[in-house]
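Work through the exercises below with the structure open. Each task is followed by a solution in steps.

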Amino acid sequence: MNDPIDDRPPSRSQRKRDHHALIELARALAQLSDRVRKGLDLDESLHEPLQLASTMKPSSARERQLRYIAKLLEKIDHAAISDCLQEREKPSREKVALHHQAEAWRDRLLAEDQALDELLDAYPRAERSLLQTLILEARQQAAANRPPKAARQLFRQLRDLVTTE
């Protein structure tokens, strides 16, 4: 039995959300360099408007241009373009996540004594003596209100450890 809800067109709110998503996609495309945009294999009708939008300063005219590009994107397969952009950003997001993970380990190591054992369980190839020395120095530097040189070295060690495993 057909569900009458499925036969209805999208609501006005949904159409607005979809249009705003297309404007954000247009904004992301306009921020890319020409070389990168050409590598995305975009429709010919998008090249000139994107080139123009990328050269414009933030203004109401630029926003109108982005809305125009969004309208052009409605007519083509914009999902493939969006997926391609997300794939390009994926390594960057992973790198940021690893950076945050190393920061969290550093903060825990400086705050908790048992955190070193947990780190060594998670990363068995970590050097206990080096980490202990850096933790001790970082705590001493923080207590003496000196620059956090050891904390930075500890972070670099943790970042290298997290990214290689």
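**Exercise 1: an aromatic pair**

Tyr-123 has a relative accessibility of 9% and therefore counts as buried. The model is a predicted one.

Task: find the aromatic partner of Tyr-123, and state how the two rings are arranged.

Solution. 
- Step 1. The count of aromatic pairs comes to one.
- Step 2. That pair is formed by Trp-105 and Tyr-123, with 6.4 Å from centre to centre and 80 degrees between the planes.
- Step 3. Planes over 60 degrees apart count as edge-to-face, and the pair of Trp-105 and Tyr-123 is of this kind.
- Step 4. Trp-105 belongs to helix α6, whereas Tyr-123 sits in the loop between α7 and α8; the pair links distant parts of the chain, 18 residues apart.
- Step 5. Trp-105 has a relative accessible area of 12% and is therefore buried, the cut-off for buried being under 20%.

**Exercise 2: the packing of α6 and α7**

Task: describe how α6 and α7 pack, and give the class of the residues in their contact.

Solution. 
- Step 1. Helix α7 covers residues 115-122; the angle between α6 and α7 is about 140 degrees, and their axes are 8 Å apart.
- Step 2. On the α6 side, the contact is made by Trp-105, Arg-108 and Leu-109.
- Step 3. On the α7 side, Ala-115, Leu-116, Glu-118, Leu-119 and Ala-122 take part.
- Step 4. Sorted by class, the contact of α6 with α7 has six nonpolar residues, two charged ones and no polar ones.
- Step 5. As a further distance, take Ala-104, which is placed in helix α6.

**Exercise 3: salt bridges**

Task: which salt bridges does Arg-108 form with Glu-112 and Glu-118, and what are the distances between the closest N and O atoms?

Solution. 
- Step 1. The structure has nine salt bridges.
- Step 2. In the salt bridge of Arg-108 with Glu-112, the closest N and O atoms are 3.4 Å apart.
- Step 3. In the salt bridge of Arg-108 with Glu-118, the closest N and O atoms are 2.2 Å apart. Arg-108 is in helix α6 and Glu-118 in helix α7, so this pair ties together parts that are ten residues apart in sequence.
- Step 4. The relative accessible area is 27% for Arg-108, 28% for Glu-112 and 33% for Glu-118. Arg-108 is partly exposed, Glu-112 is partly exposed, and Glu-118 is partly exposed.

Task: where in the chain are the partners Asp-113 and Arg-139?

Solution. 
- Step 1. Asp-113 and Arg-139 form a salt bridge, with 3.1 Å between the closest N and O atoms.
- Step 2. Asp-113 is in the loop between α6 and α7, and Arg-139 is in helix α8 (residues 128-143); the pair links distant parts of the chain, 26 residues apart.
- Step 3. Asp-113 is exposed, at 61% relative accessible area, whereas Arg-139 is partly exposed, at 31%.
- Step 4. Elsewhere, salt bridges with shared partners join Glu-24, Arg-27 and Glu-63 into one network.

**Exercise 4: the nonpolar cores**

Solution. 
- Step 1. The largest nonpolar core has 20 residues, and Leu-29, Leu-46, Ile-69 and Leu-73 have the most contacts inside it.
- Step 2. The helices that each supply at least two residues of this core are α2 (12-31), α4 (44-55), α5 (60-74) and α6 (78-111).
- Step 3. The most comes from α2, which gives six residues to this core.
- Step 4. Ile-69, neighbours within four places in sequence left aside, is in contact with Ala-26, Leu-46, Pro-49, Leu-50 and Ala-53.
- Step 5. Another core, of 17 residues, lies apart from this one; Leu-109, Leu-120, Leu-134 and Leu-154 are among its residues.

**Exercise 5: a backbone angle**

Task: is the phi of Asn-145 positive or negative?

Solution. 
- Step 1. Most residues other than glycine have a negative phi.
- Step 2. Asn-145 has a phi near 60 degrees, a positive value.
- Step 3. Asn-145 lies in the loop between α8 and α9 (149-164) and is exposed, with 71% relative accessible area.

Conventions. Residues numbered from 1 in each chain as written. Predicted model: local features only at pLDDT ≥ 70, side-chain atom pairs only at ≥ 80, totals over all residues. Heavy atoms only, no water. Core = buried A, V, L, I, M, F, W, Y, C linked by side-chain atoms within 4.5 Å. Buried < 20%, exposed > 50% of the residue type's maximum accessible area, 1.4 Å probe, protein only. Helix = DSSP H or I, 4+ residues; strand = E, 2+ residues; numbered from the N terminus. Contact = heavy atoms within 4.5 Å. Axes fitted to C-alpha atoms, helices over the stretch in contact; angles between N-to-C directions. Nonpolar A, V, L, I, M, F, W, Y, C, P; charged D, E, K, R; others polar. Salt bridge = Lys/Arg side-chain N within 4 Å of Asp/Glu carboxyl O. Phe/Tyr/Trp six-rings, centres within 6.5 Å; stacked < 30°, edge-to-face > 60°.
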